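Here are my comments on the model you sent over. Have it open beside you while you read.

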Number of protein chains: 2
Amino acid sequence: MRLSRLFTKTARQAPNNADSLNADLLVRAGFVQQTMAGVYSYLPLGLCVLRKIEVAVREEMNALGAQELLLSALSSREAWERSGRWGTFDVLFHVPGAGDQEYALNPTHEEIVVPLVRHFVHSHRDLPFACYQIQTKFRNELRVKSGILRNREFLMKDLYSFHQDDACLERYYERVQEAYGRVFDRLGLAERTYRTFASGGSFSQYSHEYQVLLPQGEDTIYISEAAEARGRRVAINSEIYRKGETVCPVTGGMAFREACASEAANIFKLGTKFSVPFKLQYTDDGGQSHPVVMGCYGIGISRLMGIITEVFADDEGLRWPLSIAPAAVHIVPLAREVTEKAYKEAEELLARLEGRGICALFDDRLNASPGVRLADADLIGVPFRVVVSEKTLQKKKLEVKKRQVGETEWMTEKELIALCNPSPPSPLPLRQERGG
Amino acid sequence: MRLSRLFTKTARQAPNNADSLNADLLVRAGFVQQTMAGVYSYLPLGLCVLRKIEVAVREEMNALGAQELLLSALSSREAWERSGRWGTFDVLFHVPGAGDQEYALNPTHEEIVVPLVRHFVHSHRDLPFACYQIQTKFRNELRVKSGILRNREFLMKDLYSFHQDDACLERYYERVQEAYGRVFDRLGLAERTYRTFASGGSFSQYSHEYQVLLPQGEDTIYISEAAEARGRRVAINSEIYRKGETVCPVTGGMAFREACASEAANIFKLGTKFSVPFKLQYTDDGGQSHPVVMGCYGIGISRLMGIITEVFADDEGLRWPLSIAPAAVHIVPLAREVTEKAYKEAEELLARLEGRGICALFDDRLNASPGVRLADADLIGVPFRVVVSEKTLQKKKLEVKKRQVGETEWMTEKELIALCNPSPPSPLPLRQERGG
């Protein structure tokens, strides 16, 4: 992508309404724009990051044997009344329709997926299975804050699993936890993400959150020091933590340290909470009916983009992990005219990289000063910035700044290409069993 | 995909609420489910078709130099008041928010994209360019009908172009028409799609619709016979057609024949209708300000899925063009046990096809009768059905039913693979100019 053709532009000044580091940097770098408070649009570079987070999540969901579908954003008032949540789900948008209709704008999809699945599940032979979607959710928040971290409209992955009994749910729940570990690994967040025990509701002792350490995060978690000593990242959320009483469910230890964090994902055992009101049942071997046992598993896709922004950004701007960066390389030819050798060499480098499937930004804005262009490269935060100049041509090497560590190195094109093509983390092979 | 693992199932009976051929077949074949009247969810096979239509459209938009972004579904009441459409856009959902807020649930995105673009366009040097998205739209329809053809929630591609003057808009408008021609060609609809002249509103003599011939279509168009004689598909929509008065804008002829059709796309010259109220201006060479001139270009993605369904379906079920079929091949081993040779050979064929990147459905439901399985293959409508049996193994050839034409042929695996890999239609190479 040539920067002169990108219709977005970088800005030096923070936007007036920036309420957080991620809003400030993502807007200034041209990744997002606010439509209104708590509602954002994603510009070309930002959409690219969002899609790459989706890919990482989708591959791990497919590896679990989960089937992708796309549920609707609107649903009927009746469905939410049947689950008892029309009047009690505090951030549910109630949408007046033509005539005397009233709809819900879905903040989560149990009310939609359970009646849908009821068309297909009759026997124990239809179980277990899981399905998921990556879709826009809506929440009627009174106040919004933190840029794209807490929005009225946001992108989520939601997975639902369906089982005969608790034991089967338990096995799948464990496998999803492993898959979530791989997702956070791929996004560069593994070392700061804590599997956090939270209230389990009426169907299990605990649910789980995935909390990412972040000094400006809005949640407080209590990290188990005994678990950490064994190389495991386990925490308790503040809602269920009682100082001097809480025991780590993994280690039994009672030593915790407090930390600020931001929730990126959560998983719940729903049990039969939704299958009972919607009569989602199966018949067993002996012809007896039972309600289906369910789990639900969320990951905040757009929220993760905000968290990753805040985790990695520095004073100069964004710093993207290679796995989700809008490009791997940002080429800056230090030339004044397109006829100069440095410009031509840079263009040829771009073509060679793209020929190898490596995505690159090319700063062809020759009317902008080198200082502005180098500052923009830092602000946009692509992993490898390559300057091509008379000096680098003489040296016959590339001057590569590694944005993550801030160091500049001289290297060959081959070495740069090797950096851009790390061996991809491989999702688990598709299993032969049916989803469970 | 093994059919035993797919959580959806086919149904013999039409759903109670089927109001059209597409609703009947897509629901029975397990492609979609109705959430409520006018709102559908897309199941794994249906989502696959939807994504393939998206890819065909996206590649042609990228080839035009248009930049993809993702705009929000919610917007502020103020934005719609500024354009004068809050109270006048008859199917606009007004959504009450927390406090005394009120939002729009966007049926189209001029009110969102124009203020967004205003952040980036200042000078004539920032023009022309175009941006597009593939996103969910909402319309508060009093009545809905025709399955996924006219919904309260549906998937659209909307492209917006920005220019200095009418001449530049005109050139881009022509290029988009060419791109739309390629889209309909890729979807197998070219020969029955008519570029249809419609009312141009306040900024040009005509707008254009892309109408697909369909006996059960809700629109009436008047096909220019003189244009047809020259091999061009041109029509006039009923809104502006006057018998004995209307002249074909392309040929000057006055002979027309009436036909039923369904609208799949439309394009408008917006002129300065939105840039004036939102103050989207640029300064020219001499420092003078002018409003930006705009075009907008829609394609109904989910609507196209419904149109394609109705255009190609026959009495046995769906018939997908290869370009958007959920799979190229549907393998039916006629075996009772997984230990039989026919089953093993079929499984090996599946592995070889998938190894070549050819997507296949594999009907491993050995407890279902051959009749049910062959009927399901017809209902799901994948282009090539391959039966593997003792008989086909003896012949050492594959028995391939071409679903589109209904004929069965004996062929080699190599011949089947060649059928599944037609040379792809190539989008125009990316141009060097900036969008326009």
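The points below cover confidence, one set of strands and one serine.

1. Ground rules. This is a predicted model, in which local features need pLDDT of at least 70, side-chain atom pairs count only at pLDDT 80 or more, and totals for chains, interfaces and linings use all residues. Residues are numbered from 1 along each chain as its sequence is written, chains are lettered from A and ligands numbered from 1 in the order in which they are written, and side-chain values use heavy atoms, with hydrogens and water left out.

2. Confidence. Chain A has a mean pLDDT of 94, and 97% of its residues reach 70 or more; pLDDT is the predictor's confidence in each residue, from 0 to 100. Over residues 428–436 of chain A, though, pLDDT stays under 50. Where pLDDT is low, the predicted coordinates should not be read in detail.

3. Strands. Strand 11 (residues 219–224) of chain A runs antiparallel to strand 13 (residues 256–271) of chain A, with six bridges joining them (strands are DSSP E runs of at least two residues, helices H or I runs of at least four, numbered from the N terminus; a pair needs at least two DSSP bridges). Here A:Tyr222 has A:Glu258 as its bridge partner. Strand 11 of chain A is also joined to strand 12 (residues 234–237) of chain A, antiparallel, by three bridges, and A:Ile223 stands opposite A:Ala235 there.

4. The serine. A:Ser83 sits in the loop between helix 3 (77–82) and strand 5 (93–96) of chain A. Why does A:Ser83 count as buried? Because its relative accessible area is 18%, and buried means under 20% (1.4 Å probe, protein chains only). Beyond four places in sequence, A:Ser83 is in contact (heavy atoms within 4.5 Å) with A:Glu111, A:Phe274 and A:Phe278.

Note on methods. Buried < 20%, exposed > 50% of the residue type's maximum accessible area, 1.4 Å probe, protein only.
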